[in-house]
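User: I am new to reading protein structures. Could you take me through some features, one at a time?

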Amino acid sequence: MAQPSVEKDIQKTANDVDSGRSSSIEEGWTEWDEAKARRKVDFSVLPLLFLGLLVFQLDRMNIASALTGGFAEDIGVSLDTINAGNQMMFAGIVLLEIPSNLALQKLGPRKWIAGQVLAFGTVASLQMFIHNKAGFLVSRLILGFCESGYIPGAIYTLSTWYAKRELAKRVAILFFGMFGANAISPLLATGILKLDGVRGLHGWQWLFLLEGLFTIAVSFILIFFLPGSPDMPRPLLSPGLIKFDTTDRDILQKRLERDDKEKRGGAQGMEIPLQLVWKTVTHYRRWPHFISTFCLFSTWSSLTTYTPSILKSLGWDTIAANALAAVGASLSLVFVFIFAYISDKTNLRGGTVILAQVCFLITLIVAREVHPYVGQWSRWGLWTAVNALAVGYHPVHNTWLQLNCRSPGERSISIAMWVMSAISGLMVGTQYYQAKDRPFYSNGLRIQIIMVSVGIVFAILQVGIYKVHNKRVAEGKHSSDEDGQEPQVYVP
């Protein structure tokens with residue numbers, strides 16, 4: 001019996017580019033026709049999902065700027081309560097992550113994603129009425145419930161529009177929405193917090209109200225303009241700004257079937273059987289992905305929540321601290337794109353993830369060792385570097401995971417599990433920076449260094465698991481899986 005060629009399968013992503021050209025001609029369209037159809041997706045689906053993720057992040061992280069505007073003092077809560085509230089928000093997201101993704105499959109992105117944005121925008125704006133500890137904790141939990149599933153839903157929706165070779169850059173662009181919100185949130189706050197006292201409202205009340213109303217406005221944009229799927233591209237309540245004709249639909253569907261025959265169903269009205277959910281959850285070969293993500297992403301919640309406050313404690317006023325906090329978050333976008341480019345260019349998916357994680361680890365070590373001995377601006381530079389490299393691994397890790405899933409249902413559940421791992425990490429990470437650890441947060445940085453180191457170990461383990469499995473397939477030791485399919489060859 002002929003042995004499977006592992007090397008050829010691993011390089012399939014790169015080879016698809018060339019095979020796609022000849023296949024396009026055979027299918028009856030030119031490369032220009034395919035590029036034209038893909039551009040319509042690039043200028044409709046991608047920017048709308050990006051916009052949704054931007055407001056998603058604005059609504060959950062504007063608490064960082066609200067703290068610099070006296071939010072905790074005004075409602076009478078401590079730093080421990082703020083941490084507990086954020087933990088409850090992340091817990092709410094984790095609890096409903098997979099059910100939310102199942103609902104997306106059933107209802108389709110046009111209804112579910114737009115409805116989600118409307119829900120969490122409403123809750124976010126109502127935070128302006130918080131006046132005590134109980135109200136804060138309840139509002140954060142409900143915000144988490146409403147936000148659950150948006151990230152895996154958006155990523156999965158992209159995977160139903162794009163071929164595998166196109167996905168890494170698009171996922172990176174999608175995450176620009178999250179990391180871009182992290183950058184602009186402090187900048188928006190520098191202006192909005194100046195409304196303190198207008199119409200008898202605190203600055204933080206204006207912050208929650210205006211950013212929540214902006215999110216609600218975005219939800220209506222999605223309702224009217226977000227396409228559904230390649231087989232049903234018309235938005236829910238309008239013809240759409242960018243129209244897909246019959247030729248576009250045919251090209252988009254057939255090129256996805258050529259890339260992955262399981263994608264032909266799109267994301268409209270597809271049900272995932274519970275048996276597949278269980279099979280995906282218990283697929284042990286992918287668990288190092290989730291453990292690594294948990295460890296690494298746990299470091300980000302303390303950075304997003306407290307960087308403006310840390311800078312304020314170093315001597316800057318509220319406005320300057322928020323403006324300076326935006327620099328590191330802005331630079332993170334550059335590193336996200338750099339690592340996505342390296343991942344696509346080399347097809348070394350695991351290697352790129354590990355490279356990005358090691359860069360972050362080195363920055364954390366330098367920050368912890370140098371921070372107590374330098375001046376104000378040097379400390380700002382250290383925190384800026386830490387924030388800039390804190391998430392470079394994240395989008396490429398998601399793409400790496402997706403490339404190692406077979407069916408749309410498996411991909412959808414795996415993405416949900418990956419996001420659950422990340423959010424669980426964020427939930428734990430809210431406790432890394434404690435008030436007693438001010439101003440250098442040496443203990444918090446030590447914990448982050450340990451967690452990143454553990455995450456790197458599991459990323460290396462994941463590469464090893466994939467390579468060992470592929471070697472066994474090449475040697476004929478895995479003839480078929482439990483469903484009778486050809487043994488899977490992974491992308492290490």
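User: Is Arg199 buried or exposed, and what is its relative accessible area?
Analyst: This is a predicted model, and each value here is computed from it. A residue counts as exposed when its relative accessible area is over 50%. Arg199 has 76%, so Arg199 is exposed.

User: Where is Arg199 in the chain, and what is its phi?
Analyst: Arg199 sits in the loop between helix H11 (164–192) and helix H12 (203–225). Its phi is positive, about 55°, although Arg199 is not a glycine. Asn347 also has a positive phi without being a glycine, with a value near 60°. Asn347 is in the loop between helix H16 (318–346) and helix H17 (349–370). Asn347 is buried, with a relative accessible area of 7%.

User: How do I read a helix such as H6, and what span does H6 reach?
Analyst: An α-helix has 3.6 residues a turn, so residues three or four places apart point the same way. Helix H6 covers residues 79–95, which is 17 residues. From the first C-alpha of H6 to the last the distance is 24 Å, close to the 24 Å expected at 1.5 Å a residue.

User: Which residues of H6 are buried, and which helices do they pack against?
Analyst: The buried residues of H6 are Leu79, Thr81, Ile82, Asn83, Gly85, Asn86, Met89, Phe90, Gly92, Ile93 and Val94. They pack against helices H4 (45–68), H5 (71–75), H7 (97–107), H9 (133–147), H15 (287–313) and H20 (408–429).

User: How many residues of helix H10 are buried?
Analyst: Helix H10, residues 150–159, is mostly covered, with 10 of its 10 residues buried. Among them are Tyr150, Pro152, Tyr156 and Ser159.

User: What does Asn62 touch, leaving aside its neighbours within four places in sequence?
Analyst: Asn62 lies in helix H4 and is buried, at 1% relative accessibility. With those neighbours left aside, Asn62 is in contact with Ser185, Leu207, Phe208 and Glu211.

User: Which residues touch the most other members of the largest nonpolar core?
Analyst: In soluble globular proteins, nonpolar side chains tend to be buried together. Here the largest nonpolar core has 129 residues, and Leu49, Phe71, Phe175, Met178, Phe360 and Tyr433 touch the most other members. Helix H4 gives the most to this core, with 12 residues. For Phe175, leaving aside neighbours within four places in sequence, the contacts are Leu53, Ile151, Ile155, Gly180, His394, Pro395 and Trp418.

User: How many salt bridges are there, and which parts does the pair of Arg255 and Glu34 tie together?
Analyst: The count comes to 11 salt bridges. In one of them, the side chains of Arg255 and Glu34 meet at 3.2 Å, N to O. Arg255 lies in helix H13 (residues 246–259) and Glu34 in helix H3 (residues 31–42), so this pair ties together parts that are 221 residues apart in sequence. Both Arg255 and Glu34 are buried.

User: How far apart in helix H13 are Lys254 and Asp250?
Analyst: Lys254 and Asp250 are four residues apart in helix H13, which means that about one helical turn separates them. Their salt bridge has its closest N and O atoms 3.5 Å apart. Lys254 is partly exposed, at 31% relative accessible area, and Asp250 is partly exposed at 31% as well. Salt bridges that share partners also join Glu34, Arg38, Glu166 and Arg255 into one network.

User: How many aromatic pairs are there, and how is such a pair described?
Analyst: A pair of aromatic rings is described by the distance of the centres and the angle of the planes. The count here comes to 20 aromatic pairs. One is Phe71 with Phe208, which is edge-to-face at 5.7 Å centre to centre, with 85° between the planes. Phe71 lies in helix H5 and Phe208 in helix H12, so the pair ties together parts that are 137 residues apart in sequence. Phe71 and Phe208 are both buried.

User: Why is the pair of Trp383 and Tyr433 edge-to-face?
Analyst: Planes over 60 degrees apart count as edge-to-face. The planes of Trp383 and Tyr433 are at 75°, with the ring centres 6.0 Å apart, so the pair is edge-to-face. Trp383 is in helix H18 (residues 376–389) and Tyr433 in the loop between H20 and helix H21 (442–474), 50 residues apart. Trp383 is buried at 3% relative accessibility, and Tyr433 is buried at 1%.

User: Which residues form one aromatic cluster?
Analyst: Phe175, Phe179, Phe297, Trp300 and Trp418 form one aromatic cluster.

Notes: Residues are numbered from 1 along each chain as its sequence is written. This is a predicted model: local features need pLDDT of at least 70, side-chain atom pairs count only at pLDDT 80 or more; totals for chains, interfaces and linings use all residues. Side-chain values use heavy atoms; hydrogens and water are left out. Helices (H or I, at least four residues) and strands (E, at least two) are DSSP runs, numbered from the N terminus. The expected span of a helix is 1.5 Å times one less than its number of residues. Buried means under 20% relative accessible area, exposed over 50%, partly exposed in between (1.4 Å probe, protein chains only). Contact means heavy atoms within 4.5 Å. A salt bridge is a side-chain nitrogen of Lys or Arg within 4 Å of a carboxyl oxygen of Asp or Glu. A nonpolar core is a set of buried Ala, Val, Leu, Ile, Met, Phe, Trp, Tyr and Cys residues joined through side-chain atoms within 4.5 Å. Rings of Phe, Tyr and Trp (its six-membered ring) pair if their centres lie within 6.5 Å; planes under 30 degrees apart count as stacked, over 60 as edge-to-face and the rest as tilted.
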